[in-house]
Amino acid sequence: MASDMQTGGRLATAAPAAIELRGISKSFGPVQANRDIHLRVERGTIHGIIGENGAGKSTLMSILYGFYKPDSGEVLVNGRPLTITDSQTAIRAGIGMVFQHFKLVQNFTVLENIILGAEEGRLLRPSLSKARGVLKRLAQEYELNVDPDTRIEDLSVGHQQRVEILKALYRQADILILDEPTGVLTPAEADHLFRILEGLRAEGKTIILITHKLREIMEITDTVSVMRRGEMVASVRTGETSPEELAELMVGRKVLLNVQKAPARPAQPVLEIRNLRMVDDAGVERLRGIDLDIRAGEILGIAGVSGNGQTQLLEILGGYPPKGSTVSGEVRVNGGPLPLAGAACNAAERRRQGLGHIPEDRQAEGLIMDFAAWENVAFGYHDAPEYGRGPLMDRDAIRRDAEGKIARFDVRPPSCDLAARDFSGGNQQKIVVAREIERNPDLLLIGQPTRGVDIGAIEFIHKRIVELRDAGKAILLVSVELDEIMSLSDRIAVMFDGRIMGERLPNEATTGDLGLLMAGVDPATAPPDTMPPAHEHVEDLPREA
Amino acid sequence: MDLNTVLQILDSAVRLMTPLLLACLAGLYSERAGVFDIGLEGKMLMAAFSAATVAALTGNVWLGLCAGLLGALMLSAIHGIASITFRGNQLISGVAINFLASGLTVLLGQKIFGLGGRTPNLTPGAELEAQVTPFRTWLTDVAGADLATWLTATPRLSGITLPFAESLRPVPVLGPLYAEVVSGHTILVYVAFLMVPLTWWILYRTRFGLRLRAVGENPASVDTAGVSVTRLRFAAVAIAGLLCGLAGAYLATGLSAGFVKEMTAGRGFIALAALIFAKWRPWGALGATFLFGLLEAIANRYPNLDLGIVTVPSMFMNALPYILTVIILAGFVGRAIPPRAGGEPYVKER
Amino acid sequence: EPALIFDLGGKFDKSFNEAAFMGAQRWAEETGGTYKELEMQSEAQREQALRRLAETGANPIVMTGFAFGDVLNQVAPDYPDTQFAIIDMVVEQPNVQSIVFTEEQGSYLAGIMAAQASQSGTVGFIGGMDIPLIHKFECGFAQGFKAAKPDGTVLINYTGTTPAAWNDPVKGGELARAQISQGADVIYAAAGGTGIGVLQTAADEGILSIGVDSNQNHLHPGKVLTSMVKRVDNAVYDAFKNGVEPGVKVLDLQAEGVDVAIDENNQQLVTPEMQAAVDDARAKIASGEIAVHDYMTDNTCPVQ
Amino acid sequence: MEKMPKWADVLLTPLISLVLAMAISALVILAIGESPVEALTTMIDGALGSSYGWGFTLYYATNFIFTGLAVMVAYHASLFNIGGEGQAAMGGLGVALVLLSVPLPHWALALPAGMAGAALFGAAWALIPAWLQAKRGSHIVITTIMFNFIAAAALNYILVNLMRPVGSMDPASARFPEATHLPKLSDMALAFGIEWGKNTPVNISFFVAIAACLLVWLLIWRSRLGFEIRAFGKSEPAALYAGINPVRITVIAMLISGGLAGMMAINNVMGEAERLVLNAVEGAGFIGIAVALMGRNHPLGVFLAALLFGFLYQGGGELALWTSIPRELIIVIQALVILFTGALDNMVRMPLERMFLAIRKRGA
Ligand SMILES: Nc1ncnc2c1ncn2[C@@H]1O[C@H](COP(=O)(O)OP(=O)(O)OP(=O)(O)O)[C@@H](O)[C@H]1O
Ligand SMILES: Nc1ncnc2c1ncn2[C@@H]1O[C@H](COP(=O)(O)OP(=O)(O)OP(=O)(O)O)[C@@H](O)[C@H]1O
Ligand SMILES: [Mg+2]
Ligand SMILES: [Mg+2]
C-alpha cells in the first residue's frame, strides 16, 4: 500500500520545485536516520511532513538547512543543484529553519538574537538599528509582535518561536522550515501562526511544516509526506487523503484518533484545594486563591494559556514550590493536610502520601537524560522498599520492574540500558508515564502529557490515563492542548492569571467559550462586543515564569 | 594611616593586580566562549619563561614580549586542539597544561642557561652580558654596531612617568594620587587597564563579541546562523593565550627581572577565582582583581597586625586575603552563573 | 664515593642546597673525584634515598636540611659502617655528624652593617616560608641592628606559608617596596628565589639589600651591601675531603661557617667604620662578650 | 548500539594514548640530550621492576586513590572540589591530634581512630565551602581554592607554634607513639615468610584505599544516596521533582569528598612519616583531580589512574635519583600522560570508532 502511494502519489510538475531532495541518506554512527530520501516541494506551497518520533524528520530538515552533512544524495533549490556545506550556504540560498528545540541565546535580547550571524558589519550598532527597523516592518506585515529589547529567557515559548520565525524572515528566507512549531503553542497561538504561514504562502514563499498533529496537516498544508523509520513512505496531496490514512501510513497500523471512554463515576473527594495563594521571589502573586476539588474516579482538566500559574500549581502540589516563594492556603489529599512549606514539603513525601506526578518538562524534570531507562524508572521512587532494603538498591528488582513497564508501555527500542537521551521524545514520555501511572497513585498530577509526542504514542498515553481514572483514581490534567483537555477531562477548569476563571463540563463547553475564559473574559458577564479575539489578548498575558 | 601610606598601598595593589587582571580577562574570553580554562597558571608561567629567556638572549624586552606571547599561544593551541577539535575534557586539558608548563620551563631553562631553571638577571651585569653577546655580535655584523647596541640595551620593561606627573604633584590628594598610583608603571600595566574597557567594548559592541558570547551560551545558535563554532572558540582561546602572555611577560620582565621556577605562585588560580567573582564581566574583573591586589598589598604592609590585646600572627595576615574573599563571596556576591555552554564541548552529531 | 642529597627545594634553590652543590662541585674539580648526588621529589623518598645510597656503598653521605633529621635517626643505626653528615640539624647517632651553623651570628653582623649603612634608621627583613629556621636569621639580624641602633626599627615580612613562598620574586619585590615605603633603606632577604626579587627591587629603588646563604653580592654590584654567607659549601667540601667524624660540628663565626661577604662588588659600600664595627662585633662574639641569642632555643627573640 | 566494542574503548584507547604520550616524552628526552631508552628502563625498572619499586608505586598510588575518590564523589554531584589539598592537610592534623592525645595501645585501634580523625577533619574542612555553596551560592571552586591557602596557613601556624616540640628545628609534630605505627606491607609479607618490598612505605592503608574504592563504588552506583547524588549532579530541577534535597546532597557529597581526601593522611602521615610535617600533602590533592578525571569518575578508573600516577611518581623519582635527567622531566611526562589519555583521548578514539564501524559495515 505504501509503495502504491509512493509511485502513484508522487507529485510531478514542470516548473522547478523550490526544493528537491534526491537520494538523501544519513547515518549517525550505527543509526540510519535517513535512507535514500526523495522529496519535492513546489514553490508557494505549504508542505507537511509527518512521521513517528525518531522517523528522521528533523534530521532530513537539518540536512537541508546545512546543519548536518548527508552521507549521500543531492539537494536542488529552485532547480539548481546546491552543495550545502553549512547553514550559511543554506541561508544564502534562501532557506530558513525554525528548529524543534529553539536555537536562541537565552540571555540575549530579541534583537541580538535576530542579528546573530547576519550582522551588517563589524560593529553592532548599525546592525541593531537596521534590525529594529526591519523588525517593526515585519511585525506590522505579519502580526509578529515582540518587544525587541526583551531577553529571550523572559519570553513565553510562543514568543520565542516568533523570534525564530523573525530570524528566518530577517534573513529573507524564501523557504521556511518549521519543525514541530505548534508543540509548544496554545490553540490561539497556533491559529495565529497558521495565519502567518498562509500570509507567507500568499507571498509566494514555500513552507515545510513538521508536525504530529493531523488536524494541522489537514487544515493548512497543500501536500504532505510521511516518513517512517528513516524512509519516505508517501508524498500526497492533502486534499486527496484523510487523517485516518495518514495515521495508518505513519504508524503502519490503524490508529484510534479519538479517546474512547465511559462516563466517569466520581466517588469521594481526593484533592481539596482551598484559597491557595503563592507569591514568587520577585513579590508577584502567581496564584490568587485557587479552589478546586477532584474526586476519585474523575479527570479534572485545567485549560489555559501557559504562564497563568498552572506550572506553579503543579509544582506546589508536587512538593517543590518555586525557590523563594511563599505559599498559603490549604490543600488536603484523602482528607489529610498537605504541608505547603518546611521540610515535610518535598516531592518524596508527596509520593508517600499517594501522589504521582508527570511533569510538564520531561527532559529537565521528569528524567535524568544521562541515566539509563531502568534507572529512570526508579527515579523519584528510589526509596521504595521493593527497590531494595537498607541503603543499597536492588538493581535486579528495579530492572525487572523497568523491563515490565517498558514492555507494557511499548517503549521503543525496548532496551533498559539505553540512556534516556537516546530515546525519542515520545518514548521518553512513555517512560515517565509508565513510572507514574503504574504506581497507582491516588492522585496523579499531569502536565502536558503529549507535548511533541506522535499520534501513536498519544493514543496509548490517553488510554492509560483513562484506565487509571476507571480504577478509581483522581487525576489533575494540565494541558495547553484544548483538544486533549476536551477529550480527556470529565470536568474542565480554566485558569487565567493565577485564578480559576470558570468550570465547564466537556459536553457543554465549546472551543470559543473556553478560549474566552482562557483569555480572562467570562462570557457570562462580559457584554458580547467587548470580547477580544483570543489571540490578540495573548500578548498581554503574564510571561512564562 | 596617612595619605602617603594609602597611596603606597594603592600603588602596590595596582602592580599586584595587573597580572591577575590580564589572566582574569584571558579567562573571560575563553570561558565566555564556552571553553573553561584552568590552565591560566601554566600559560602565564610559560609566557614568563619565554619572555625572560628571549629578553636575556637578545637584551631586548620587546622580542621577549613577543616570545612570551608565542609561548602562551603555543599552550593555548594545545588547549584548543584538545578541547575544541577533539572535544576533550577542558578541565583535564587545563591541568595538563599547568603540569607541562611547570616542567618544561625548568627543563628548557636548565638546558639553555644551566642556572637551575632560573634565567639570568635582566639587569645590566656580567651574567646578562654573557648571554647577550652572541646575539649582539651577530647583530653588529648584520646591522652595524650602533643599532646592535641600541637594540640589545633594554632587557626589561621600565616604568613610564606619565605627563605632568611631577608638576601636578602639589595638587592636594589628586596630585599625589596621579603621580604615585597612576604614573610610573610599566607599559603593560596601562595595557592591562585599557583592556578592560576594550574588552567590554569588544564583547558588547562588536559582531565578534556578540558571536563570542553566543557561542558560550548556546553554540547551536551560532552554528545554525552559519558561523563556525570552532573558529570562534579558537579565536577566543587564542586571545586568552595572548593575554596570559602579557601577564606572564609582565611578571618576568616588568615586575621582576628574570624568570624563577614556579614564579606565578598560584596567581592563575586566583585569577580564576576573580573571574567567577566578577561573574565573567570585564568591569567585574577589574573590581575583583583590584580587591585581591588590595588585600594582598594590605597584608604586605601590615604583616603583624597588632590589635592591642593580641597580635595577629603573620601566617594569618598572609591568609587574610583568602579569608576575606570567602567572606565577601558569601556575604555580598550572589550566585555566579557561568556561561551556559561552558565546559561542554560542542557536539552536534554523536 | 661520597654522596650528597638535596632537600626538596632542589639543588638550584638559590639557597643552601645550591651552596652544598657548589661545595661538592669544588671538591670534584679539585680532586677529580666523582660523587653521587640525589634530588628528591617527595617526602617519602627521603628514607628511600638514604637507604639506597647506603646500600650502594656511598660513604660519607651528606644531606642538607633539617627535614632529614627524623629519617636519619631511623636509618643510621641500620648502616653502622656508613658515615652520615646532616646539615642544619642535630641527630645523635654514633655514625652521624651533625653540622649546624650559627646563622644568628652571621645575621648579627649583617644587622650591624645594616645599621651602619642605614640613613633612615629603618631596615627590613624579608623571610621566605614562615618557619622557625628563618626566624633564627631574623632574630640575629635584629639583634645586630639594635645593638648598633637601639632606636631603629626592623620591619619584618614573611612571604607565605607554602613552599611557593620560596619562589615568588614578584611578591618579594612587592614586600620590599612596602618596606621601602615605610622607610627601610637596607633590606635583608632570607627567602631563596623570592630573595632575587627583593634584591632586584632594592637595586631598582636605589636602596641596599643583603643577600643570604651564598655570596649574592655579584647580582647587583654596588647595590648589595653584603651577603650573609652560610658556608654549606665548605661543610660539604670538608665532609667529602676529610670524611665525617660523628658528633656535633658547630660552624660558627670563628669556624668561618657563617660570615658577611665582602668582595670587589661591595667593597666601596663598606666604610672603614662599618668594617671596624663588624670586626669589633666579630671579636666580641668570639670572646663570648656578645652572646647572640638563638631563636631556636626558646622560640623567642630578645629584641623586637 | 555502540560505535565500538567496550573493550576497545576501555583498553585500546587509553593504551594507544599512553603510547603516544610516551613517544612525545621520548622526543622531549632526546631534545634535552638524554637517552629515552635509558630513561624508560630506569622508570619501569625503578617503579615496577622490583618489589621495592612496587612498594613505592603502591604507596603513592594509595595517596592518589584517596584524593582521586574525593574529587570523584564531589564530581558526581557536579561539585568541582579543588580543595583536596587542604582537606588532606587537615586530615593530617586530625590524625596527629588523635594519635598524640589519645594513648592507643595497638595499631588495630589506632587505625580506625586515625581514620576517624582524618575523615572528620577533612570533612570539616569541606563543610564550610559546601555549606556556603548550598546556602549562599558561593562558588565551590573559589571557596575550595581559598580554603587550600587557609589550610596551609593554619597548619603552618599550628605546627610551628603549637605542635612543634620545643627546640626542634623542624616545623613538625612529635613522632606518633610506637604502638600506633601501622604495619607495612613488607612486614605483613614477612609474616608469611615472603621477603617483599623491604623498607618501602606502602602500608595497610593501601588496603583501606582499595576498600574505599569498593565502598565508593557501592555508594555511587548501588546505594540510594549515590543515586540521589548522581541525579542531583545531572539535573537540579529533576532532583527537586524527585524530592531530593539539594542542600542536603551538596553538603553530604562534600563531606564524603572531604572525608576521603582527609583519609589520605592515614597513608602519608600515619603510615609513612609517622608524624605530621609541613606540606605533607605535596600536591596529591591536585593530582587527585587528574586521577579522577582520567579515571572517568569511576572507582576502578580512579584505581588504575592512581596506579599510573604512582608509577610515574616513583619511576620519575628514580629518574631524578639515579640519572642526570632533571626531575622536572617527570612533570613533563606526567603532563603528557594527562594530556593524551585524559584530554586528547578522542584523537585516538575517533579514528578507532571509524575503523570499527567500517569493519562492522563490511561484516554486515
Ligand atoms: N545528532 C544526532 N546524533 C545521533 N543520532 C541522531 C541525531 N539526531 C537524530 N539521531 C537519530 O536519528 C533518528 C532520527 O531522528 P530525528 O530527530 O530526525 O527524528 P524525528 O523524526 O525528528 O523525531 P521526532 O518526531 O521525535 O522529532 C533518531 O532515531 C535518532 O536516534
Ligand atoms: N545531538 C544528539 N545526539 C544524539 N542523539 C540525538 C541528538 N539529538 C537528537 N537525538 C536523538 O534523536 C531522536 C529524536 O530527537 P529530537 O531531537 O528530534 O527531539 P525529541 O527528543 O523527539 O523531542 P520532542 O519530544 O520535543 O520531539 C531522539 O532519539 C534523540 O535521542
Ligand atoms: Mg524531530
Ligand atoms: Mg520530537
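A:E467 and A:R464 are separated by about one helical turn, because the two stand three residues apart in helix α16 (residues 455-470) of chain A. In this predicted model, the two side chains form a salt bridge whose closest N and O atoms are 3.7 Å apart. A:R464 is buried, with a relative accessible area of 18%, whereas A:E467 is partly exposed, at 44%. The charged end of A:R464 also sits over the ring of A:F409, at 4.7 Å from the ring centre.

Over all chains, the count of salt bridges comes to 84. Another of those in chain A joins the side chains of A:R132 and A:D149, with an N to O distance of 3.1 Å. This pair links distant parts of the chain, 17 residues apart: A:R132 belongs to helix α5 of chain A, and A:D149 to the loop between α5 and α6 (157-170). Both residues are partly exposed, A:R132 with a relative accessible area of 38% and A:D149 with one of 43%. In chain C, the side chains of C:R231 and C:D233 meet in a salt bridge at 3.2 Å, N to O. C:R231 is partly exposed, with a relative accessible area of 28%, while C:D233 counts as buried at 12% relative accessibility. Elsewhere, salt bridges with shared partners join C:D70, D:D170, D:R175, D:K184, D:E274 and D:R275 into one network.

The structure holds 34 aromatic pairs over all chains. The ring centres of A:F379 and D:F227 are 6.4 Å apart and the planes stand at 45°, so this pair is tilted. The pair crosses between chains: A:F379 is in the loop between α13 (373-378) and α14 (395-408) of chain A, and D:F227 is in helix α9 (residues 224-234) of chain D. Both A:F379 and D:F227 are buried. A pair within chain C is formed by C:F6 and C:F21, whose ring centres lie 6.3 Å apart with the planes at 65°; the pair is therefore edge-to-face, the cut-off for that class being over 60 degrees. C:F6 lies in strand β1 (residues 3-6) of chain C and C:F21 in helix α1 (residues 16-31), so the pair ties together parts that are 15 residues apart in sequence. C:F6 and C:F21 are both buried. In chain D, ring pairs link D:Y52, D:F56, D:Y59, D:Y60, D:F64, D:F309 and D:Y313 into a cluster. A charge-over-ring arrangement also involves chains A and D: the charged end of D:R230 sits over the ring of A:F371, 4.7 Å from its centre.

Of the five pairs of chains in contact, chains B and D share the most contacts. The contact involves 50 residues from chain D and 44 residues from chain B. About 4000 Å² is buried between the two chains, 80% of it on carbon and sulfur atoms. On the chain D side, D:I142, D:M146 and D:F149 lose the most area to chain B, together accounting for 13% of what that side buries. Zero salt bridges are found across this interface.

Between chains B and C, 29 residues of chain B are in contact with 27 residues of chain C. These chains bury about 2600 Å² between them, with 51% of it on carbon and sulfur atoms. In chain B, the residues that lose the most area to chain C are B:N300, B:R301 and B:N318, which together make up 19% of what that side buries. Four salt bridges are found across the interface of chain B and chain C. B:R267 forms a salt bridge with C:D168, the closest N and O atoms being 3.1 Å apart. Chain A and chain C do not touch, and their nearest C-alpha atoms are 38 Å apart.

A:L123 is found in the loop between α4 and α5 (124-142) of chain A and counts as partly exposed at 39% relative accessibility. Apart from neighbours within four places in sequence, A:L123 is in contact with B:W201, B:R205, B:T206 and B:R207.

The magnesium ion (ligand 3) is coordinated by A:S58 (OG) and A:Q100 (OE1), at 1.8 to 2.3 Å. A:Q100 bridges this ion and the magnesium ion (ligand 4), and the two ions lie 3.9 Å apart.

Note on methods. Residues numbered from 1 in each chain as written. Chains lettered and ligands numbered in written order. Predicted model: local features only at pLDDT ≥ 70, side-chain atom pairs only at ≥ 80, totals over all residues. Heavy atoms only, no water. Phe/Tyr/Trp six-rings, centres within 6.5 Å; stacked < 30°, edge-to-face > 60°. Helix = DSSP H or I, 4+ residues; strand = E, 2+ residues; numbered from the N terminus. Buried < 20%, exposed > 50% of the residue type's maximum accessible area, 1.4 Å probe, protein only. Lys NZ or Arg CZ within 6 Å of the ring centre and 35° of its normal. Donors = N, O, S within 2.8 Å, 3.2 Å for Na, K, Ca; no water. Contact = heavy atoms within 4.5 Å. Buried area = accessible area lost by both parts, 1.4 Å probe.
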